[in-house]
Amino acid sequence: MSHQWWRQAAIYQVYPRSFADADGDGIGDLAGVRARLGHLRDLGIDAIWFSPWYPSPMADAGYDVADYRDIDPTFGTLDEARELITEAHQLGIRSIVDVVPNHCSDQHEWFKEALGARPGDPVRDRFWFRTGRGPLPPNDWQSTFGGPAWTQVPDGEWYLHLFAPEQPDFNWDNPEVRSEFEDILRFWFDLGVDGIRIDSAAMCVKDPELGEIREGEPHPYVDRDGTHEIYRAWRRIAEEYAEPRALIGEVWLADAERFARYLRPDEMHTAFNFDFLGCPWDAKALRKVIDDTLASHAVVGAPSTWVLSNHDVTRHVTRYGRADTAFDFALRGARHGRPTDLALGTRRARAAALLTTSLPGSVYVYQGEELGLPEVEDLSDEVRDDPMYTRSGGADPGRDGCRVPLPWSADLTGPSWLPQPPSWAALSVAAQQDHPGSMLTLYRAALAGRRALAGPMTWLEAPADVLAFARPGGFVCVINLSAAAVPLPPHEQVLLSSGSLAEGQLPPDTAVWLRTIDSPA
Ligand code: NOJ
């Protein structure tokens, strides 16, 4: 285990309520994760990122944290978390916890205290309490989940919530907030976690004047210059440990240069590559996003990350089967239910798996991606739980469709907090386990194979709409995004392919890993 494991790790995202359910209540739990660690070891991942597992009223599926130092009873206990972290370490798997610094739950002790206090009381200064403009909220900021970003309390003041009203925003200008989070980091680092994923990382610092959003001016709450000091302080804490802990940011920013600032050597180690996630299935666009990623990261010496899916976005098997394969968060809801060809999406997802696992940097696997699960787009309104659905009055279907519990066995009759489609029996772990042509088998082979890869990538000449690149040691990856089969380049051995290769030809939407002739084995 190298000190800089995060530079090339394969990190698997566990969304606890939907990963594995051991107690039969239809909701995943830590006992379920412990029981399935073998699946993750066999898959060949290096680390698990746990989406929030803290006590929470679940107004936003746990991203509304009531207590940052404990485990929600639905999932288990802190002792079980400790055991899980230890057992994972014994299998060579590191753990990353999700830290949510922008906001907490309205059931967090500090917020309850603030609500019980009078306007002007210092305990309110841990949040953003303000008087309104007459009957109107203090400004016109909108919540990401729809509606105003302010809610009025009985004494007339309003508090800020950039997400749901149950998620009040912390005031990061208050030193108590800073020291509280530094202490939370130490709590989990001392307990043995190897890193943190930082939620909504670019939104914590606000313009104290709470100015409106104006074109050409610094945004009042996204990517404020002052944000970096938070992560510099966190990096110093991470470096206090014999094996430094890793900081991984959820930073959604269009500007690559501003994005890279978060990855300077004294800030975060890595951040999710949402440009890559959103890129259409198109050779030129993919090549450009890969080049841009490598270039912007090289400036700060940070490794790139390759991400195809997570718990907030439409699963990529479904996206890649649509006429428009690009992903835009703002259009996620609008595209919901558009026609998709899942066989095509699956073929592309298989090819994409060989691409992401062979690019230099770290790679993320969202639970179920290794099974080729599609988005579940026909959930009934009664079972939908996402605040994006409820707060939009149903106009936005929300993110539940990528959060349906994993199918472990072909018997899908057990309880499940979101129903699993019957077609998932064939996609279950049991069904794919020993199947040579399955997505699971492909992911296992790819994650095992990538361990042999090191060093930079170099683009190779290739036919139109075909991407080909080499890594040192004679490794070549070719992905055919054109509409016709193309001949394979000269090679010594086919290491892995995402589909069958007919007579030396690489079919459309297929990728292959080759060992080339002229290089040392
Ligand atoms: C980003 C998380 O990934 C998402 O699920 C959540 O709703 C928001 N941040 C708010 O915490």
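Predicted model: local features only at pLDDT ≥ 70, side-chain atom pairs only at ≥ 80, totals over all residues.
Reader: Let us start with sheets. What counts as a strand, and when do two strands pair?

Author: Strands (E, at least two residues) and helices (H or I, at least four) are DSSP runs, numbered from the N terminus. Two strands pair if DSSP finds at least two bridges between them. Here, 8 strands form an open sheet with parallel pairing, in the order E9-E8-E7-E3-E2-E1-E11-E10. Strand E9 (270-271) and strand E10 (305-306) are at the edges. Each has a single partner strand, so one side of each lacks a neighbour in the sheet.

Reader: How many bridges link E1 and E2?

Author: Strand E1 (residues 10-14) and strand E2 (residues 47-50) are joined by 4 bridges, in the parallel sense. Look for Val 14, opposite Phe 50 in E2. E2 also pairs with E3, again parallel and over 4 bridges. There, Ile 48 is opposite Ser 95 in E3.

Reader: How do I read the two faces of a strand?

Author: In a regular strand, side chains alternate between the two faces of the sheet. Then ask about burial: buried means under 20% relative accessible area, exposed over 50%, and partly exposed in between (1.4 Å probe, protein chains only). Strand E3 (residues 94-99) has 6 of its 6 residues buried. One side carries Arg 94, Ile 96 and Asp 98. The other carries Ser 95, Val 97 and Val 99. Both faces are covered.

Reader: In what order do the strands of the 3-strand sheet lie?

Author: The order is E4-E6-E5, in an open sheet with antiparallel pairing. Strand E4 (129-130) and strand E5 (150-152) form the edges, each with a single partner strand, so one side of each has no neighbour in the sheet. E5 is joined to strand E6 (residues 158-160) by 3 bridges. Thr 151 faces Tyr 159 in E6 as its opposite residue.

Reader: Is Lys 112 buried or partly exposed?

Author: Lys 112 is partly exposed, because its relative accessibility is 40%. It lies in helix H5 (residues 109-116). Contact means heavy atoms within 4.5 Å. Leaving aside neighbours within four places in sequence, Lys 112 is in contact with Asp 106 and Gln 107.

Reader: How many disulfides does a search of the whole structure find?

Author: A disulfide is a covalent bond between the sulfur atoms of two cysteines. The test is a pair of cysteine sulfur atoms within 2.5 Å. The search finds 0. Cys 104 is in no disulfide, and the nearest cysteine sulfur, in Cys 204, is 12 Å away. Cys 104 is buried, at 0% relative accessible area.

Reader: What about phi?

Author: Most residues other than glycine have a negative phi. Ala 61 has a positive one, near 50 degrees. It sits in the loop between E2 and helix H4 (78-90). Ala 61 is buried, at 9% relative accessible area. Asp 509 also has a positive phi, about 55 degrees, and is not a glycine. Its place is the loop between strand E17 (505-506) and strand E18 (510-515). At 7% relative accessibility, Asp 509 is buried.

Reader: Last topic: pockets. Which residues lie nearest the centre of the largest pocket?

Author: First, the term: on a 1 Å grid over the protein atoms alone, a pocket is an open set of points with protein on both sides within 12 Å along at least five of seven lines, and lining residues have an atom within 4 Å of a point. The largest pocket is lined by 48 residues, with Thr 144, Glu 250, Trp 252, Phe 274 and Phe 329 nearest its centre. H10 gives the largest share of this lining, 6 residues.

Methods:
Residues numbered from 1 in each chain as written. Heavy atoms only, no water. 1 Å grid on protein atoms, 1.4 Å probe; cavity = no way out; pocket = protein on both sides within 12 Å on 5 of 7 lines; lining within 4 Å.
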